[in-house]
Amino acid sequence: MKNIIVLFLLFTIQQQVYGQQITNANISFTFVAKDVDGTIDGFSSTSTIDWNTPENSVIEGTVLSETIKTGNFLRDWSLRGSKYFNADEHPKISFKSTTVKRENDALLVNGNLTLKGITKPITIRFTKNGKKLLGTTTLFSSDFDITILKKGRESNKVRVQFNLELE
């Protein structure tokens, strides 16, 4: 019984000191100009979210490039190839926060996204919904040397949605 109490106290203290962890994620995207939706999997994270002092939070994670799915086998195969995501040479897409701050009922997370070996800053806006963090951001695939349409940067706009599960 003492062991159970000690474990419970350690877990409680860890939660107070380290904050919440992200245990799972569903990440989806929309390539706006073509109205193509997709998902990406293989998520792992070492994030710690401190709700009392968001500035102490660190949000970071990776997904696997080879898991990109759009509902079309040939398109997915092409996207994983060297012309686009180059999943063989760049198997992971990663994000690490540089700042986290509260803005009203949301967390604004600034950080660096590395995709296809190219690192660019992005901002993700998260809201908490029970034991979930729901986030959105917009990026341009051409910024990461993934040019789907050759009609300029705006034609390569991608909206990304995050549904992160908290412990």
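**Close-up views of a predicted chain**

**View 1. Salt bridges across the chain.** The chain holds 5 salt bridges, counted where a side-chain nitrogen of Lys or Arg lies within 4 Å of a carboxyl oxygen of Asp or Glu. This is a predicted model, in which local features need pLDDT of at least 70 and side-chain atom pairs count only at pLDDT 80 or more, while totals for chains, interfaces and linings use all residues. Residues are numbered from 1 along each chain as its sequence is written, and side-chain values use heavy atoms, with hydrogens and water left out.

One of the bridges joins Glu103 to Arg125, with 3.1 Å between the closest N and O atoms. The two residues are 22 apart and link distant parts of the chain, Glu103 sitting in strand S5 (residues 92-103) and Arg125 in strand S7 (residues 118-129); strands (E, at least two residues) and helices (H or I, at least four) are DSSP runs numbered from the N terminus. Glu103 is partly exposed because its relative accessible area is 34%, in a scheme where buried means under 20%, exposed over 50% and partly exposed in between (1.4 Å probe, protein chains only). Arg125 is also partly exposed, with a relative accessible area of 34%.

**View 2. A bridge between two loops.** Here Asp145 pairs with Lys116, and their closest N and O atoms are 3.7 Å apart. Distant parts of the chain are linked again, across 29 residues: Asp145 belongs to the loop between strand S8 (132-140) and strand S9 (157-166), and Lys116 to the loop between strand S6 (106-115) and S7. Are the two partners buried or partly exposed? Asp145 has a relative accessible area of 46%, so it is partly exposed, whereas Lys116 counts as buried because its relative accessibility is 12%.

**View 3. Lys157 and Glu154.** These two residues form another salt bridge, with the closest N and O atoms 2.9 Å apart. Lys157 is partly exposed, since its relative accessibility is 22%. Glu154 has a relative accessible area of 52%, so it is exposed.

**View 4. The largest pocket.** This view looks at about 740 Å³ of space. A pocket is an open set of points on a 1 Å grid over the protein atoms alone, where a 1.4 Å probe fits and protein lies on both sides within 12 Å along at least five of seven lines; lining residues have an atom within 4 Å of a point. The volume is the space filled by probe spheres set on the points, which are joined across faces, edges and corners.

Which residues lie nearest the centre of the largest pocket? They are Phe29, Ile40, Phe85, Leu115 and Val160, out of a lining of 40 residues. Strand S1 (residues 22-31) contributes the most to this lining, giving 5 residues. By residue type, the lining has 27 nonpolar, 10 polar and 3 charged members (Ala, Val, Leu, Ile, Met, Phe, Trp, Tyr, Cys and Pro are nonpolar, Asp, Glu, Lys and Arg charged, and the others, Gly among them, polar).

**View 5. Ser44 and Thr62, partners across strands.** Ser44 is part of strand S3 (residues 44-45), and Thr62 is part of strand S4 (residues 60-64). Beyond four places in sequence, Ser44 is in contact with Glu60, Gly61 and Thr62, contact meaning heavy atoms within 4.5 Å. Ser44 is partly exposed because its relative accessibility is 39%, and Thr62 is buried because its value is 18%. From C-alpha to C-alpha, Ser44 is 6.7 Å from Val63, 19 residues away in sequence.

**View 6. Thr39 and its contacts.** Thr39 belongs to strand S2 (residues 36-40). Apart from neighbours within four places in sequence, Thr39 is in contact with Ile27, Ser28, Phe29, Thr67, Ile68 and Lys69. Its relative accessible area is 32%, so Thr39 is partly exposed. Gly71 is 32 residues from Thr39 in sequence, with 9.1 Å between their C-alpha atoms.

**View 7. The whole chain and its confidence.** The chain has 2 helices and 9 strands, in the order α-β-β-β-β-α-β-β-β-β-β from the N terminus on. Of its 167 residues, 37% are buried. Among contacts with a separation of 6 or more, 53% join residues 24 or more positions apart. The mean pLDDT is 91, and 89% of the residues reach 70 or more (pLDDT is the predictor's confidence in each residue, from 0 to 100). Over residues 6-17 the pLDDT is below 50, and this stretch has 3 contacts in the model beyond near neighbours in sequence. Where pLDDT is low, the predicted coordinates should not be read in detail.
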